[in-house]
Structures are given as structure tokens and as C-alpha cells.
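Please read the numbered points with the model open alongside.

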Amino acid sequence: MNSFKKTDIVPSFGFALFLTINATQVWGGVFPFLPMSFQTESVTLGFYLAQSIAFVAAFAAGALEAYWFPQAARKMNVAIATTLVAVGSVLVIAAMYSSEFTLVLVYSGGVLLGIGTAAFFMLWQRYFSSIDARDCNMQLMLGTALSAPIYFALHAVPIALTAFLVPAVLLPISALCLSLAVRTMVFEQAMFEDIPRDNPSVYSQLLRDSWRSAVCVAALGLACGLARGVALRDPSVGAVVNVCAMLGSLSAAVILLWLSRTKSVSFDMNTTFRIVFPFVVTGMLLFPLFRGMGIYLFSGMTYMALSIIVLVMMMICAQVSRDRGTSPVFVYGFFAACAYAPQGAGFLLGWNAEGDTVLGVEQTAFFAVVAMYVLGIALLLVSIPRSDLHRRRSLQVELIKPAHTRADAASDGADAPKAAGTKKRRGPRRKDDDGVEYKDRTSKQVAVAKDAYALSTREAEVMNLLARGHTVSSIAESLFISENTVRTHSKHIYAKMDVHSKFELMERLEQVDLSALDA
């Protein structure tokens with residue numbers, strides 16, 4: 001795909017509106033567009049507990065449902081999710097006008113908002129996983145970037161109107177955009193057809209391959225929750241933190257968009273964690289020493305890091321679902337629960353970290369040390385050298401640079417295919433973009449074809465094994481995916497390379513120009 005299609009604006013805009021709704025009503029247990037007089041300690045803490053527990057429970061339940069009842073998990077119930085969020089918003093607004101039932105309405109609203117927003121996240125994840133990798137990443141990045149200006153624009157609207165504007169206008173438009181996007185989904189894909197209980201080894205292997213990444217998001221979630229818990233003892237701080245988090249999302253999305261337009265790159269959750277680690281730990285070290293503006297800035301900075309991780313997490317989960325043919329709800333529900341459960345625990349620690357001491361040390365300082373320790377352990381785990389096999393199974397996302405010559409390459413294999421956007425090198429290239437050495441002519445042919453025909457890393461791996469005569473079952477066993485997923489990847493390979501049989505595939509590979517590796 002050479003350019004971003006106009007039709008892709010609809011889901012991107014809808015996702016941007018959803019992120020805005022999430023930031024205005026659920027994000028961290030603060031209501032930036034409700035009167036400060038309403039946000040008492042009991043209201044803020046009660047809402048956060050109700051919303052957070054329901055939020056995490058919904059993700060965990062979604063993952064379990066996807067595994068045990070895959071047919072039910074495939075349904076796109078946009079109307080139900082919209083109703084839950086709308087009713088939850090109405091209950092929270094009603095709590096402002098009912099002094100007798102304030103807490104009951106706040107708790108009920110928190111539960112409905114927690115379940116509803118989690119359902120929306122899983123619905124969006126299904127959609128993004130179902131489309132082409134490049135379209136998915138572009139829409140996610142563009143939607144994240146658009147959410148920031150929409151959120152900032154709401155500050156120009158009087159508070160009395162904004163509280164009603166979100167559920168009455170923003171939510172229906174976002175739901176409409178999602179409903180339109182759902183109509184374009186192709187459900188005849190391995191991830192939707194897979195029955196997890198028939199392939200338990202694939203899912204157990206997925207959990208083994210992803211536990212390091214899960215530790216990363218859990219450690220960062222704990223640190224962010226701790227900072228937010230301390231900061232939200234003053235409700236006015238919450239609005240500042242949300243602004244900083246939105247700025248972080250905007251910055252991350254813009255940087256990733258720029259990278260996707262200038263070069264082809266791949267990264268994983270562990271790499272992203274290493275990038276944000278120094279900033280979070282530095283802030284955590286200074287955390288106990290600051291009050292006032294120091295807490296504002298640090299809380300905002302940690303949520304910037306979490307915003308980046310959440311964006312990358314959605315991209316990686318979508319890539320994993322496409323590559324391995326696993327349920328998008330299962331993998332995202334697992335990661336989301338790992339991210340948000342520690343965040344809730346950190347919030348409770350931070351909320352109670354004022355005044356008293358633990359082991360003779362002020363609570364703020366004590367919990368800051370605990371958070372730094374957890375972050376350090378997470379960094380140690382992701383830094384342990386891994387075997388080549390494990391590294392090749394790592395959960396990665398690819399930002400593929402647009403290639404203007406791929407269409408021509410696909411139409412004539414003889415002319416083809418030099419890797420698009422290949423930089424000049426001083427000598428022959430001996431490794432592919434993932435750092436794996438070329439073992440023979442076939443591995444070189446696969447590397448050139450991967451770039452020329454815009455194949456994903458997993459598709460290239462399947463093609464490499466197909467070219468070597470492996471059967472569907474042996475490929476599935478080697479790559480830790482189901483046989484149905486192998487067949488799906490094979491269909492995609494044939495379609496992209498415009499071939500119709502394994503014999504034609506072998507002929508096309510023989511036609512590739514290996515001089516591209518020396519250019």
C-alpha cells in the first residue's frame with residue numbers, strides 16, 4: 001500500500017474519539033470535566049476501585065471466554081458496549097445531583113464504565129487485528145495522534161456542557177465509526193476460525209514467549225499507578241496528568257508515524273521498555289523529594305510512558321494474532337490484565353502513602369523504592385540473553401515503509417524484486433533485517449522476496465519452510481502455530497506473490513534478483 005487510504009480515516013477518527021472518552025471519564029479515576037467540589041476523597045477512591053476492578057475483570061474474562069467459548073468471543077457487540085458506557089456516564093453525572101445516593105451511583109457508574117470501556121478496547125483490538133499489518137499500525141498511530149487535539153479542544157467547552165457532550169455526542173459517533181469499520185472486517189481468517197482448546201500447545205507457547213513482555217507492562221503499570229495515587233489526593237493534579245499523558249501519546253504516535261514513512265523498522269515490548277525505563281526510574285528516584293509541581297511532572301511523565309506502552313501493546317497484540325493465528329481477544333486480554341491490575345494496586349499504595357512511615361521510612365519514599373526495585377527486576381529479566389530460537393519467537397511489531405516498486409515487482413517476477421528502500425552497503429549483506437544469518441541460497445531468495453512483496457516476518461518464515469519441502473504439520477510444529485494458521489499464511493503468500501501453487505512459488509523465488517543483497 002503506497003498511501004494511507006481515505007476510508008481508513010473513519011476507524012482512526014472513531015478510535016481517537018474513544019481514547020478521548022476514556023481520558024475524560026475513566027483514565028486513572030479522575031473526572032477533568034466535572035466540578036472539583038464533586039470530586040471528594042470518597043467519590044474519587046470509590047469510583048477508581050469500582051472501575052478498576054471491573055476493568056481488569058472484564059479483560060481477564062474476555063481472555064478466558066476467547067479460550068473456552070471462541071464462538072461467543074467473535075461477536076462484535078458494539079451496541080452492548082455503547083450502552084454500558086452511556087449508562088455508566090449518566091449514573092456518574094446523576095451522582096452530582098443526588099446527595100443521598102451519591103456513592104451508590106458512583107460505584108455503579110464505575111462498574112459499568114469499567115466493563116464498557118474494556119469491551120470497547122477488545123472490540124477495537126479485534127478490528128485492528130483483522131486488517132493488514134500496515135493499515136493496522138497506521139490507523140492505530142493516527143487515531144492516537146488525533147485523540148490529543150480532540151481532548152485539548154474539549155477544554156474550550158464550558159465544563160457544564162462537556163459532562164453531557166461526551167456521552168451524548170462523542171460516544172455515539174465513536175460507536176458509529178466502529179460499527180462501520182466492523183462491516184469491512186474479514187472473519188475468514190485463522191485468528192477468528194481458531195478453536196484454542198484444539199491447539200493448547202500454541203497458546204501455552206504464546207504465554208511462555210510473552211511472559212517477559214508481560215512483566216514489563218506490569219512493572220510500568222505499578223509505577224504509574226503509584227504516582228497517580230499520590231497525585232490524585234489533590235483532584236486538580238489529575239487534569240494536569242491527563243494533559244501530560246495525552247502529550248506523551250501524541251509524541252509517541254507522531255514519532256512512529258514518521259518512522260513508518262522513512263524506514264522499515266521492527267521492535268518489541270522489551271525494547272520499548274528499555275527506552276522508557278531511564279525516564280521513569282529517574283522520576284521515581286526524585287519522587288519522594290518533590291511536592292507540588294514535582295508530583296505533577298512526574299505523574300505526567302509516568303503516564304506518558306504508559307501511553308506509549310499501551311500503543312505498542314495494541315500493535316504487538318494485533319501482529320501476534322495475525323502471525324500465530326491466535327484469538328485477538330485472548331492475547332490482548334492477557335496483556336491488558338497484566339498492565340492494569342498492577343496499576344490498580346499501585347494506585348492504592350500511592351493513595352495511602354501520605355504521612356505515615358513504613359520501617360521508619362516515609363511511605364512515599366518506601367513505595368518509590370519498591371517501585372524502582374520492581375522496575376529493576378523487570379529490566380534484568382528482559383536483558384537476559386535469549387537463544388536464537390527464542391529471539392525469533394519474540395513478540396514484535398513491524399513498521400513497514402511504503403514501497404513504490406512492489407506493484408511492478410509482483411507483476412513480473414523476472415524484473416523484480418529488489419528490496420524496496422534498500423540502502424547502499426559497502427559489502428554483501430550476510431544477515432537479514434532480524435539479524436539472522438543467511439545459510440544458503442534459499443534463505444537469500446526468501447529475504448529478497450520478503451521485501452519485494454511486502455511479506456510479514458511470519459509469512460517469510462512460512463515461505464522459507466515451504467520452499468524447503470516441509471509439510472503443513474511440520475511447519476506448524478516448527479513455528480508453534482496451528483496448521484490452520486499455516487494454511488492461512490500460505491494463502492496470503494500466494495496472493496501477494498501472484499502464484500497459485502507451490503511449484504509457481506518455487507519458480508518465482510528462482511527469479512528474484514539476489515544482487516539486491518549486495519546493493
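1. Basis of the note. The model is predicted, so local features need pLDDT of at least 70 and side-chain atom pairs count only at pLDDT 80 or more, while totals for chains, interfaces and linings use all residues. Residues are numbered from 1 along each chain as its sequence is written, and side-chain values use heavy atoms, with hydrogens and water left out.

2. The chain as a whole. The protein chain has 21 helices and 4 strands; these are DSSP runs numbered from the N terminus, helices being H or I with at least four residues and strands E with at least two. Of its 519 residues, 57% count as buried, where buried means under 20% relative accessible area, exposed over 50%, and partly exposed in between (1.4 Å probe, protein chains only). Contact means heavy atoms within 4.5 Å. Among contacts between residues at least 6 apart in sequence, 82% join residues at least 24 apart.

3. Helices α5 and α13. Two packed helices are described by the angle between their axes and the distance between the axes. Helix α5 (residues 102-130) packs against helix α13 (residues 328-351) at an angle of about 130 degrees, and their axes are 9 Å apart. Axes are lines fitted to C-alpha atoms, for helices over the stretch in contact, and angles run from 0 to 180 degrees between N-to-C directions. The two helices are therefore oblique to each other; angles under 35 degrees count as roughly parallel, over 145 as roughly antiparallel, 65 to 115 as roughly perpendicular and the rest as oblique. The crossing of α5 and α13 is right-handed, that is, the near helix is turned clockwise from the far one by less than a right angle, anticlockwise being left-handed. On the α5 side the contact is made by Phe121, Met122, Gln125, Arg126 and Ser129, and on the α13 side by Pro328, Val329 and Tyr332. These residues divide into 5 nonpolar, 2 polar and 1 charged, with Ala, Val, Leu, Ile, Met, Phe, Trp, Tyr, Cys and Pro counted as nonpolar, Asp, Glu, Lys and Arg as charged, and the others, Gly among them, as polar.

4. Aromatic rings. The structure holds 24 aromatic pairs. Rings of Phe, Tyr and Trp (its six-membered ring) pair if their centres lie within 6.5 Å; planes under 30 degrees apart count as stacked, over 60 as edge-to-face and the rest as tilted. The rings of Phe59 and Phe121 form a tilted pair, with centres 6.4 Å apart and planes at 45 degrees. This pair links distant parts of the chain, since Phe59 belongs to helix α2 (residues 41-68) and Phe121 to helix α5, 62 residues apart. Phe59 is buried at 0% relative accessibility, and Phe121 is buried at 2%. Trp124 and Tyr127 form an edge-to-face pair, with centres 6.3 Å apart and planes at 80 degrees. Both lie in α5, 3 residues apart, about one turn of the helix, and both are buried. Ring pairs link a cluster that includes Phe59, Phe121, Trp124, Tyr127, Tyr332 and Tyr340.

5. Cys317 is found in helix α12 (residues 293-324) and is buried, with 1% relative accessibility. Not counting residues up to four places away in sequence, Cys317 touches Gln125, Val331, Tyr332 and Phe335. Ser52, in helix α2, is buried with a relative accessible area of 12%. With the same exclusion of residues up to four places away, Ser52 touches Tyr340 and Gly344.

6. Helices α17 and α18. Helix α17 (residues 441-452) and helix α18 (residues 457-467) pack at about 145 degrees, with their axes 10 Å apart, in a right-handed crossing. Their contact residues divide into 5 nonpolar, 4 polar and 1 charged. How many residues of α18 are buried? The number is 11 of 11, so α18 is largely enclosed by the rest of the structure.

7. Positive phi values. Most residues other than glycine have a negative phi. Ala454, in the loop between α17 and α18, has a positive phi near 60 degrees and is partly exposed at 25% relative accessible area. Asp498, in the loop between α20 (483-497) and α21 (502-511), has a positive phi of about 55 degrees and is partly exposed at 43%.
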